[in-house]
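Hello,

Here is the structure I promised to pass on.

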Amino acid sequence: MALAGVSFIQWLLGAMLIFSSLGVILAKKPMHSGLFFLLVLLTLAGFYLELSAQFIAAVQLLIYAGAILVIFVFVIVLFQDAHAQIIKYASRCKPLWLALAAFALTLTLVAVVFSLTLPPTVALHTDKPNFGTVQSLGIDLYSQFFFPFEVASLVILLAIVGVIYFAKKES
Amino acid sequence: MPLLYIMVISLSMFTIGIIGALVKRNALLFFLSIELMLNAANLLFVYFAQSWGNQIGLLWVFFVLVIAAAEVAIGLALIINLFRQKQVVDVDQYNDLRG
C-alpha cells in the first residue's frame, strides 16, 4: 500500500482533522460547531508545519482563527435565541434522500481517488533551504504575483464598502 | 507524506463540507461548511506546492485566505440583514425568490 511513509504524528493529525470536521457538522449547538472549526484550523496549521510551510501556518492561525472565526463566533452569539427556533419549522428534505446523496458523493470521490494514477513516491523538497520562508514568499508575491496582490487589496476594500452598505439601517 | 494519504484526508474533509452545506438548515453552519471546503482545497495546495518545490501553491493559499475573509464578512452581513427582515436563520425560510 502507498501509505507506508506516514509517521505517527501525521496519522494523529489526519485523524484529528477528520474527527473535528465531522464535529463541525454533527455538533448539536452552533457554538460547539464553531469550536470544532477552531480545532480544524489548528490541525491544519499542524499539517502546514509538517509540510514546512511555516508562514502559511502562521497566516492560517492569524487570519482564519484570529479574524474569520472570531466574526463567526460573534454572529453565532448574536443569534443565540434564533438557533433554537429552527426546529419549530419542518425540514423540507427527506433524510433518506440526503443519506443517498451523501453516499453517492462519497462513492464518487473514492472512485476518483482510486482511479488516479499517482506517482509512486513524491519526493518532498524539504531540502530547499528557503522554501516557504517569509522572504522567498515575499519575493514571489511582489514580483510575479504583484497584480493579483493589488486586486486582492481591491477585493477587501470592496468587501468593506459592501458590508457597511448592508449593515446600514434604512432610515 | 504520501499523496494518497493527503488526498484521502482532503477529499473526505471536502465531502464533509458538501454534506454539511446540503444538510445544515442553520445559515451560519451552512457557511461554516463552505469554509471547511475552502480549507480542504488549501491543504492540497500546500501539499502540491511542497511536493513540487514550487512556492506558487503557497501564494494561492494566501489568496484563498483573502477571498475567504472578504466572503465571510459579506456573507455574515447578508445573513444578519436577512435575519432582520425575517427573524429566522433557517435557510429553508429564505424562499422569497422562489417562483
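**Ground rules**

This is a predicted model, in which local features need pLDDT of at least 70, side-chain atom pairs count only at pLDDT 80 or more, and totals for chains, interfaces and linings use all residues. Residues are numbered from 1 along each chain as its sequence is written, while chains are lettered from A and ligands numbered from 1 in the order in which they are written.

**Confidence**

The model has an ipTM of 0.92 and a pTM of 0.87. pLDDT is the predictor's confidence in each residue, from 0 to 100. For chain B it averages 87, and 100% of the residues reach at least 70. Within chain B, the lowest mean among the elements is 87, for helix α1 (residues 3-23) of chain B. The highest is 91, for helix α2 (residues 27-51) of chain B.

**Chain A**

Chain A holds seven helices and zero strands. Helices (H or I, at least four residues) and strands (E, at least two) are DSSP runs, numbered from the N terminus. Read from that end, the order is α-α-α-α-α-α-α.

Of the 171 residues in chain A, 22% are buried. A residue is buried if 20 or more other C-beta atoms lie within 10 Å of its own, exposed if 12 or fewer, and partly exposed in between; the C-beta atoms are placed from the backbone. Two residues are in contact if their C-beta atoms, again placed from the backbone, lie within 7 Å. Take the contacts in chain A with a separation of 6 or more: 54% of them join residues 24 or more positions apart.

Chain A splits into domain 1 (8-89) and domain 2 (129-171). Those bounds come from an automatic or database domain assignment. The C-alpha centres of domain 1 of chain A and domain 2 of chain A are 23 Å apart. Each domain puts five residues into the contact between them. On the domain 1 side, three of these are nonpolar, two polar and none charged. Here Ala, Val, Leu, Ile, Met, Phe, Trp, Tyr, Cys and Pro count as nonpolar, Asp, Glu, Lys and Arg as charged, and the others, Gly among them, as polar.

**The A-B interface**

Across the interface, 67 residues of chain A are in contact with 60 residues of chain B. Elements giving two or more residues to the chain A side include α1 (8-26), α5 (95-115) and α7 (146-167) of chain A. The most come from α3(A), with 10 residues. By class, the chain A side has 51 nonpolar, 13 polar and three charged residues.

**The core**

The largest nonpolar core has 54 residues. Such a core is a set of buried Ala, Val, Leu, Ile, Met, Phe, Trp, Tyr and Cys residues joined through C-beta atoms within 7 Å. Y48(A), L28(B), V46(B) and L58(B) have the most contacts inside this core. Helices α1, α2 and α3 of chain A and α1, α2 and α3 of chain B each supply at least two of its residues. The largest share, 12 residues, is from α2(B).

L28(B) touches residues in both chains, among them P30(A), F72(A), I79(B) and V89(B), leaving out residues up to four places away in sequence.

**Helix α3 of chain B**

The 31 residues of α3(B) should span 45 Å at 1.5 Å a residue, and the end C-alpha atoms are 44 Å apart, which agrees. The expected span is 1.5 Å times one less than the number of residues. Buried residues of α3(B) include L58(B), F62(B), V72(B) and I79(B). Their cover includes α3 and α6 of chain A together with α2 of chain B.

**Single residues to look at**

- Q87(B) lies in the segment after α3 (56-86) of chain B. Its phi is positive, about 60°, although it is not a glycine. Q87(B) counts as exposed, with 11 C-beta neighbours inside 10 Å.
- S52(A) is in the loop between α2 and α3 of chain A. It too is not a glycine, yet its phi is positive, about 50°. S52(A) is partly exposed, because 17 other C-beta atoms lie within 10 Å.
- F131(A) sits in the loop between α5 and α6 of chain A. It counts as buried, with 21 C-beta neighbours inside 10 Å. F131(A) and A15(A) are 116 residues apart in sequence and 27 Å apart in space, C-alpha to C-alpha.

Best wishes
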